[in-house]
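Please keep the structure open beside the text.

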Amino acid sequence: MKNVMNLDLLFYPESVAVIGASDNLGGGKLPYFQILQANGFAGALYPVNPRRAEVCGVKAYASIDDLPGPVDYALVAAPVEQSIDIVRAAVRKGIKFIHFFTSGFGETGNLKLEKDLVREARKGHLRIVGPNCIGVQCFESKLSFRLTQAQEQPGTIAFLGQSGGITSSFVAMATTRGIWLNKVVSYGNQIDLRLEDYVAYLADDDKIRLVACYVEDIKDTDKFLKTLRKATSKKPVIILKGGKTELGSKAAASHTGAMASNYTIWSAAVLQHGGLLVDDFEELMNLAMLGTAKKFPRGRRVGFLGAGGGVSVLFSDLAVTSGVELPELSARTQQMIGEKIMGVNTSTTNPVDLGAFGFDLNVMLHTMKALNEDEGIDVIVPYFSVEYIMHAEIFLNVKNSADTILQMAEHIDKPVIPVLSCFLENDLEAERIRISTFNALRKAGFPVYSKIQEALYAIETYFEWAEKRGRRGAKDTA
């Protein structure tokens, strides 16, 4: 993409200054300095505080001008009244990027201060993140606004959030669900760097497979849509819009100073330019989950297997309404499935009903192998029930294990999108089994959903994006 702003030093700074760093963590501050220390940020880390000789055992500096070396990125958690002086000092020091956690700007009507900050920043080569946001996270450089030890390694998903709270919630839930992130930006009032700047950069980042966004307002709609079109020709960009209603837009204005446009017009434009719109936070998480899959379906032909006729009937109905297909299985596939089950309350047709044999993960694996060999199937959706897994050993003397799930990943070539259901909401043992099974499925590389509707939604939305991309590619080459 041409004319993409270079944000390398924002995500991979070699030196960071924390303005307002302190051992005293009261007063609503985020402990940025302590977080960077704990996460193991390897670059130079400078605390700036005129009232402290040191912070967490590190020499503190009275001002930005006193810093001993060049600084790529500065985090500001200081009173809003100091903002102009801080920007001027950052320009003198040659700092490249500055993030203001500080609030009290346009969201409270203080628009003049925002304009003054940008004007002063333009006197040098300083770019501003925010203000009124929690900032930047990069799992490769270990730059972050929260502790990141729970994530095993840098992932392939990026998130851009206008709200600090929504951004924090996304990161927390992503970590819980094994959706490994690579880069995150909470961008707040976007008085300088804007959403489209981050989208353009991430579109060219080969480490990113999918970009998820929470958006309250767009400063330059034309520029954003042009950027979105280019980005979605390379990877999915998913958008959850806040402030869709009159009441929601009023809340957005008091939150980030956002001015919402007509949502009907806005959403149509986003869809025309390749973006994927979601209605709620859960849909955003579900599509981000799909973005972590090791394999993506090449067609809509689904092979479903589960335990119980009712589940099979419900899946059939939902599949029809969602646009996926349930093709007839070949005779060879049905014969292979029948080798492990008896003809009592079971069915070898698609959707496959394993009956009580579906309590045994080894039978599930055997059935998945059969579906894997069927040329008429593009994607396999196994239905796991926490209750069945929990009771298998007690009533059927079946010992299920995480190793069997890992074998599914080893022996199945086609995409697998499991559903892991649990209807026991006050049973600690069921919750333990749900978590352990979920973790085993995620370790195997499968996206996992708690409802059939969620799995089907993810499959159909993926094809919606893939088909749009294909049509646009055909037009470009015509």
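Strand β10 is mostly covered, with six of its six residues buried. Buried here means under 20% relative accessible area, exposed means over 50%, and partly exposed lies in between (1.4 Å probe, protein chains only). Helices (H or I, at least four residues) and strands (E, at least two) are DSSP runs, numbered from the N terminus. This is a predicted model, in which local features need pLDDT of at least 70 and side-chain atom pairs count only at pLDDT 80 or more, while totals for chains, interfaces and linings use all residues. Residues are numbered from 1 along each chain as its sequence is written, and side-chain values use heavy atoms, with hydrogens and water left out.

Which strands pair with β10? Strand β8 runs antiparallel to β10 and is joined to it by four bridges; V136 stands opposite V185 of β10. Strand β9 pairs with β10 in the parallel sense, over five bridges, and I157 has L181 in β10 as its bridge partner. Between β9 and β10 the chain passes through helix α5 (residues 164-176), and this β-α-β crossover is right-handed. Two strands count as paired if DSSP finds at least two bridges between them. A crossover is right-handed if, with the strands pointing away from the viewer, the path from the first strand over the helix to the second runs clockwise.

Now to the charged pairs. A salt bridge is a side-chain nitrogen of Lys or Arg within 4 Å of a carboxyl oxygen of Asp or Glu, and by this rule the count comes to 21. Three of them are listed here.

| Salt bridge | N to O distance |
|---|---|
| E120 and R88 | 3.4 Å |
| E140 and K183 | 3.4 Å |
| R332 and E339 | 4.0 Å |

The E140 and K183 salt bridge leads back to β10: E140 lies in the loop between β8 (135-138) and β9 (157-161) and K183 in strand β10 (residues 181-186), so the pair ties together parts that are 43 residues apart in sequence. K183 is buried at 1% relative accessibility, whereas E140 is partly exposed at 33%.

E120 is buried, at 5% relative accessible area, and R88 is partly exposed, at 35%.

In the R332 and E339 salt bridge, R332 is partly exposed at 46% relative accessibility, while E339 is exposed at 51%. Salt bridges that share partners also join D85, R88, K112, D116, R119, E120 and K123 into one network.
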